[in-house]
Amino acid sequence: MMVQHLAVLASGGGSNFRAILRAIESGTLPLACPLLVSNTPRAGALAIAREHGCAAVVLNPRDYDREADYTDALIGLLEQYRIDLVALAGYLRKIPARVVAAFRHRMVNIHPALLPDFGGPGLYGRQVHAAVLASGVRQSGATIHFVDEEYDTGPIILQAQVPILPGDTPETLAARVLSEEHRLYPRVLGLLARGRISVNGRQVAVEP
Ligand code: GRF
């Protein structure tokens with residue numbers, strides 16, 4: 001079978017992106033990653049892409065007068081690199097509905113909490129962990145889900161849990177969750193690449 005092409009979309013430092021590239025380069029993740037897209041030239045993920053021979057493209061929706069033109073540009077880019085799978089890794093812009101539809105069940109996102117709690121608009125980065133700690137729950141974690149038309153609401157694929165520990169701050173909790181994210185993302189992408197994930201409505205079945 002042909003190796004599928006993955007595009008990663010990232011707005012930030014790119015540590016999940018780096019974990020994905022490492023898994024590809026070590027031979028444990030059977031994908032090629034020819035494309036990294038960011039909405040901002042400040043994303044650390046761009047430099048990581050260049051170091052790993054992956055095209056690093058900045059595509060900012062704010063540079064387009066019409067959302068339709070931005071959508072066309074994003075779809076054109078994904079077609080140009082023959083992208084089969086899209087992974088959002090700290091990408092802070094909403095994906096246009098036309099792109100979501102074109103990549104239905106082929107586009108995934110990682111969220112640093114146990115969805116369906118602590119997700120949605122405005123809940124990203126430090127705010128997520130602050131909200132988790134303020135709520136008093138005993139566990140947090142990371143969720144990988146298919147992307148749908150809303151923020152953080154698509155069918156859940158897999159989750160990893162971490163404990164909340166005495167004295168946790170948003171920063172210590174974020175670090176604990178992030179190290180789980182780095183394991184979870186390559187694992188889920190590997191399952192997708194090997195065709196081990198099927199979706200029926202909101203229910204996702206994962207074959208080991
Ligand atoms: C991660 O915590 C991810 O769950 C969230 O944004 C963060 C991105 O971190 N969506 P990095 O850029 O991969 O280091």
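A polar contact is a pair of N or O atoms within 3.5 Å; within protein, one atom must be able to donate a hydrogen and the other to accept it, and residues adjacent in sequence count only if both atoms are side-chain atoms.

## Basis of the report

The model is predicted, with local features requiring pLDDT of at least 70 and side-chain atom pairs counting only at pLDDT 80 or more, whereas totals for chains, interfaces and linings use all residues. Residues are numbered from 1 along each chain as its sequence is written, and side-chain values use heavy atoms, with hydrogens and water left out.

## Ligand contacts

A ligand oxygen atom is 2.8 Å from a backbone N or O atom of Asn16, and a polar backbone atom of Gly13 is 3.4 Å from an oxygen atom of the ligand. Taken alone, the ligand exposes 370 Å², of which the protein buries 79% (Shrake-Rupley method, 1.4 Å probe).

The shell around the ligand (residues with a heavy atom within 4 Å of it) consists of Gly12, Gly13, Gly14, Ser15, Asn16, Gly90, Ile110, His111, Pro112, Leu178 and Glu181. By class, this shell has three nonpolar, seven polar and one charged residues, where Ala, Val, Leu, Ile, Met, Phe, Trp, Tyr, Cys and Pro count as nonpolar, Asp, Glu, Lys and Arg as charged, and the others, Gly among them, as polar. Helix H1 (15-25), strand E5 (107-111) and helix H6 (170-193) each supply at least two shell residues; helices (H or I, at least four residues) and strands (E, at least two) are DSSP runs numbered from the N terminus.

## The largest pocket

The ligand sits in the largest pocket, meaning that more than half of its atoms lie within 2 Å of the grid points of that pocket. A pocket is an open set of points on a 1 Å grid over the protein atoms alone, where a 1.4 Å probe fits, with protein on both sides within 12 Å along at least five of seven lines; lining residues have an atom within 4 Å of a point.

The largest pocket has a volume of about 850 Å³, taken as the space filled by probe spheres set on grid points joined across faces, edges and corners. Among its 39 lining residues, Gly90, Tyr91, Leu92, Tyr124 and Gly125 are the closest to the centre. H6 gives the largest share of the lining, six residues.

## Backbone features

The peptide bond from Leu115 to Pro116 is cis, with omega near 15 degrees, and Pro116 is found in the loop between E5 and H5. Arg82 has a positive phi, near 50 degrees.
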